[in-house]
Amino acid sequence: MGFYLEVIRTVFQSVDREGKSRNGVVAFTSATSGEGVSYVVDLLARELAVQTKKRVLRVEAAELQSLADLVEPDHLARHCEETEMDNLLTLCGTESDSRIARRQDFGALSTDWDSRPEYRSTCLEALRSDFDYVLIDCPATGDSADATTLASVVDGVAVVVKAGQTRRRQIQRCQQIIESAGGNLLGFVLNQRTYPVPNWLYSRL
């Protein structure tokens, strides 16, 4: 747990020269599937809510995109669901019947989200105005373009690396993909570590 508290202090509680948080909206991804991104996002979101007492949103990238197709950006926060913690909300999980019906009525309306970065930016700015911290759970870069689509409009991207599974070459490729998309790579979160961190990776954490 101490390692994740250090991640919170390093990533979310770092401030600029004006005393403002540098990274209010962070996307989490991995090089390959099965690295534990959702687990890490869940844990960090809960600890961030507990430690800071501020409003935290945990959201899956796919849910954010699908909801943005149906509502105006300024109304996104109204669709967030409460959790057992007053200051932690979420936008993920099974869709309600009403949302499914609305999607069928509207059809596939992802053009704005896919082709207009300014539209994605507007959606995230709307969430930024309602929450102190937003953690976005993205699929692996090898499975989905969600992380690269969001890379240029979030404050930063963190890559989850599962100990004993991810190859160095895969991590480097993931870093190249994010940076090529205009993303700010914040670093790597090592998940399920059972042995000392390799020096080459520890220097990047």
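Which residue in S4 is the bridge partner of Leu 57? In S4, that partner is Leu 89. The legends below describe close-up views of a predicted model.

**View 1. The whole protein is built from nine helices and seven strands.** The chain has 205 residues, and 47% of them count as buried. The accessible surface comes to about 10,500 Å², with 45% of that area belonging to carbon and sulfur atoms. Among contacts between residues at least 6 apart in sequence, 77% join residues at least 24 apart.

**View 2. Seven strands make an open sheet with mixed pairing.** The order of the strands across the sheet is S3-S4-S2-S5-S1-S6-S7. Strand S3 (81-82) and strand S7 (185-191) stand at the edges with a single partner strand each, so one side of each has no neighbour in the sheet. Strands of a sheet pair through backbone hydrogen bonds, and the pairing is either parallel or antiparallel. Strand S1 (residues 25-30) and strand S5 (residues 133-137) run parallel and are joined by four bridges. Phe 28 stands opposite Asp 137 in S5.

**View 3. Strand S4 pairs with S2 in the parallel sense and with S3 in the antiparallel sense.** Two bridges join S3 to S4, and Glu 81 has Thr 90 in S4 as its bridge partner. S3 and S4 form a hairpin, with five residues between them. Side chains leave S4 in two directions: Leu 88 and Thr 90 point one way, while Leu 89 and Leu 91 point the other way. These four residues are all buried.

View 4. The buried residues of H2 include Val 37, Val 40, Val 41, Leu 44, Leu 48 and Thr 52. An α-helix has 3.6 residues a turn, so residues three or four places apart point the same way.

**View 5. Helix H3 (residues 61-68) packs on the sheet and touches S2, S4 and S5.** The direction of H3 makes about 90 degrees with that of S2. Seven of the eight residues of H3 are buried, so the helix is largely enclosed by the rest of the structure. The buried residues are Ala 61, Glu 63, Leu 64, Gln 65, Ser 66, Leu 67 and Ala 68.

**View 6. Leu 76 is found in the loop between H3 and S3.** Is Leu 76 buried or exposed? Leu 76 is buried, because its relative accessible area is 1% and buried means under 20%. Its contacts, not counting residues up to four places away in sequence, are Leu 64, Leu 67, Ala 68, Val 71, Cys 123 and Leu 127. Leu 76 and Leu 127 are 51 residues apart in sequence, and their C-alpha atoms are 7.0 Å apart in space.

**View 7. The largest nonpolar core has 39 residues.** Ile 136 and Leu 150 have the most contacts inside this core. Not counting residues up to four places away in sequence, Ile 136 touches Val 25, Val 26, Ala 27, Phe 28, Val 59, Ala 61, Leu 64, Leu 124, Leu 150 and Val 154. Another core lies apart from this one and has 23 residues, among them Val 11, Val 41, Met 85 and Leu 88.

**View 8. Lys 53 sits in the loop between H2 and S2.** Most residues other than glycine have a negative phi. Lys 53 is not a glycine, yet has a positive phi of about 65 degrees. The residue comes just after H2. At 65% relative accessibility, Lys 53 counts as exposed.

**View 9. Gly 182 lies in the loop between helix H8 (168-180) and S7.** Gly 182 is exposed, with a relative accessible area of 51%. Not counting residues up to four places away in sequence, Gly 182 touches Ala 151 and Ser 152. Gly 182 and Thr 149 are 33 residues apart in sequence and 9.5 Å apart in space, C-alpha to C-alpha.

Note on methods
Residues numbered from 1 in each chain as written. Predicted model: local features only at pLDDT ≥ 70, side-chain atom pairs only at ≥ 80, totals over all residues. Heavy atoms only, no water. Core = buried A, V, L, I, M, F, W, Y, C linked by side-chain atoms within 4.5 Å. Buried < 20%, exposed > 50% of the residue type's maximum accessible area, 1.4 Å probe, protein only. Contact = heavy atoms within 4.5 Å. Areas by Shrake-Rupley, 256 points an atom, 1.4 Å probe, with all protein chains shown as cover. Pairing = 2+ DSSP bridges. Axes fitted to C-alpha atoms, helices over the stretch in contact; angles between N-to-C directions.
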